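Biologist: I have a model open on my screen and would like to learn how to read it. Could you take me through it one feature at a time?

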Amino acid sequence: MVISLLLIIIGFAALISGANWLVDGASSLAKKHNVSDLVIGLTIVAFGTSAPELVVNSIASLNGYPDIILGNIIGSNNFNLFIILGTAGLIYPITVQSSTVWREIPISLVAAIFLAVLANNFFLDEISQISRVDGGILIIGFTAFLFYMFRQMKKEKNIAVSYQHKSNLKIWGFILLGFTGLIIGGQLVVDNGVLIATNLGVSEKVIGLTIIAAGTSLPELLTSIVAATKKNSDIAIGNVIGSNIFNILLILSVSSFINPISYNQKFNLDILILIGGSIFLFMAMFTGKRKRLDRWESALLLSFYLIYTIYLVWKEMHQNIS
């Protein structure tokens with residue numbers, strides 16, 4: 001058990017280092033082409049910080065752990081929305097651009113609703129699962145999102161971006177190191193997370209929603225906290241919203257292509273919390289100071305999810321005792 005915990009910590013360290021190297025290399029490459037901070041946050045940083053979820057889920061899908069896959073995706077998105085935005089907003093109120101209010105936040109909300117509909121097969125008399133067809137629908141949505149981002153980049157192509165020069169060799173070296181760290185870390189986290197769940201008699205669902213989701217979301221947490229301390233709201237919120245969109249539309253679709261994902265309907269409550277949190281974030285743009293996530297709103301996000309997580313763990317422990 002102790003060895004498994006140590007290996008998970010090492011795995012998370014490899015995931016974080018890998019994500020940081022990947023983001024550093026990819027961001028340097030983008031800034032060479034004068035891409036704005038908001039677009040970098042919504043695409044490259046979001047993809048880089050979602051890379052741990054991608055690797056962990058791909059490995060879990062190959063090994064047939066559907067609750068790890070879903071727990072990681074849904075748990076990471078809730079962790080991003082409630083814990084990371086809540087923490088970043090407490091450090092410094094997050095000012096949000098109009099395009100984020102009216103486009104990116106609604107896109108993340110629609111993605112969550114899509115997940116609920118597809119996973120439950122509301123319109124079909126089949127077993128609840130995310131099939132390869134569902135994955136195809138999600139990847140179409142992801143392609144549409146990329147097209148939208150491409151248009152954003154064209155609009156912002158003349159915006160100056162600060163850039164510290166790096167050689168091409170250094171840039172691609174960071175990217176290669178990043179992928180290596182992600183793959184090694186992902187394998188360690190999945191294997192030892194399942195082992196701990198088995199030894200403790202805890203469900204893979206709870207392990208996915210808590211330990212693995214929090215661990216794979218550490219890059220987003222670190223990125224957004226650093227952005228908040230530097231008062232860079234675009235990176236802070238772009239990172240979280242972009243990551244949530246990537247998680248559902250890209251990472252879940254890739255996982256379903258590897259193997260169709262059996263859906264445990266106990267995740268419906270967690271998806272409803274994700275949908276409710278997204279609606280709250282949208283409404284927060286019109287309360288207090290407009291287009292800003294104030295400290296009191298951030299505190300509400302943070303407090304709610306901490307209470308819910310305590311309830312989730314307590315319920316699991318109570319079931320084990322019974």
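Modeller: Gladly! Let us start with burial: a residue is called buried if its relative accessible area is under 20%. This is a predicted model, and buried residues make up 53% of the 322 residues in its chain.

Biologist: How many helices and strands does the chain have?

Modeller: There are 11 helices and four strands. As for the surface, the chain exposes about 14200 Å², and carbon and sulfur atoms supply 69% of that area.

Biologist: Is Ile241 buried or exposed, and which residues does Ile241 touch?

Modeller: Ile241 counts as buried because its relative accessible area is 1%. Leaving aside residues up to four places away in sequence, Ile241 touches Glu104, Ile105, Ser108 and Leu281.

Biologist: Now for the rings. How do I read an aromatic pair?

Modeller: Look at the distance between ring centres and the angle between the planes: an angle over 60 degrees is edge-to-face, under 30 is stacked, and the rest are tilted. A search of the whole structure finds 11 aromatic pairs. One of them joins Phe145 and Tyr148, which are tilted, with 6.3 Å between centres and 35 degrees between planes. Both residues sit in helix H5 (residues 132-155), three residues apart, about one turn of the helix.

Biologist: Why does Phe145 count as buried?

Modeller: Its relative accessibility is 3%, so Phe145 counts as buried. Phe145 also pairs with Phe246, this time edge-to-face, at 6.2 Å centre to centre and 90 degrees between the planes. That pair links distant parts of the chain: Phe145 is in helix H5 and Phe246 in helix H9 (residues 233-258), 101 residues apart. Phe246 is buried as well, with a relative accessible area of 3%.

Biologist: Which residues form an aromatic cluster?

Modeller: Phe82, Phe304, Tyr305, Tyr308 and Tyr311 form one. A ring can also have a charge above it: the charged end of Lys205 sits over the ring of Phe267, 5.5 Å from the ring centre.

Biologist: And how do I read a nonpolar core?

Modeller: Picture buried nonpolar residues joined through their side chains. The largest core here has 78 residues, and Ile248 and Leu252 touch the most other members. Helix H3 (residues 66-91) gives the most to this core, with 12 residues. Not counting residues up to four places away in sequence, Leu252 touches several residues, among them Ile69, Leu70, Ile73 and Leu115.

Biologist: Where does Ser128 lie, and what joins its side chain to that of Gln265?

Modeller: Ser128 lies in the loop between helix H4 (98-120) and strand E2 (129-130). A polar contact of 2.9 Å joins the side chains of Ser128 and Gln265. With a relative accessible area of 11%, Ser128 is buried. Beyond residues up to four places away in sequence, Ser128 touches residues including Ala119, Asn120, Ser262 and Tyr263.

Note on methods
Residues are numbered from 1 along each chain as its sequence is written. This is a predicted model: local features need pLDDT of at least 70, side-chain atom pairs count only at pLDDT 80 or more; totals for chains, interfaces and linings use all residues. Side-chain values use heavy atoms; hydrogens and water are left out. Rings of Phe, Tyr and Trp (its six-membered ring) pair if their centres lie within 6.5 Å; planes under 30 degrees apart count as stacked, over 60 as edge-to-face and the rest as tilted. Helices (H or I, at least four residues) and strands (E, at least two) are DSSP runs, numbered from the N terminus. Buried means under 20% relative accessible area, exposed over 50%, partly exposed in between (1.4 Å probe, protein chains only). A charge sits over a ring if NZ of Lys or CZ of Arg is within 6 Å of the ring centre and within 35 degrees of the ring normal. A nonpolar core is a set of buried Ala, Val, Leu, Ile, Met, Phe, Trp, Tyr and Cys residues joined through side-chain atoms within 4.5 Å. Contact means heavy atoms within 4.5 Å. Accessible areas come from the Shrake-Rupley method with a 1.4 Å probe; for residues, only the protein chains shown count as cover. A polar contact is a pair of N or O atoms within 3.5 Å; within protein, one must be able to donate a hydrogen and the other to accept it, and residues adjacent in sequence count only if both atoms are side-chain atoms.
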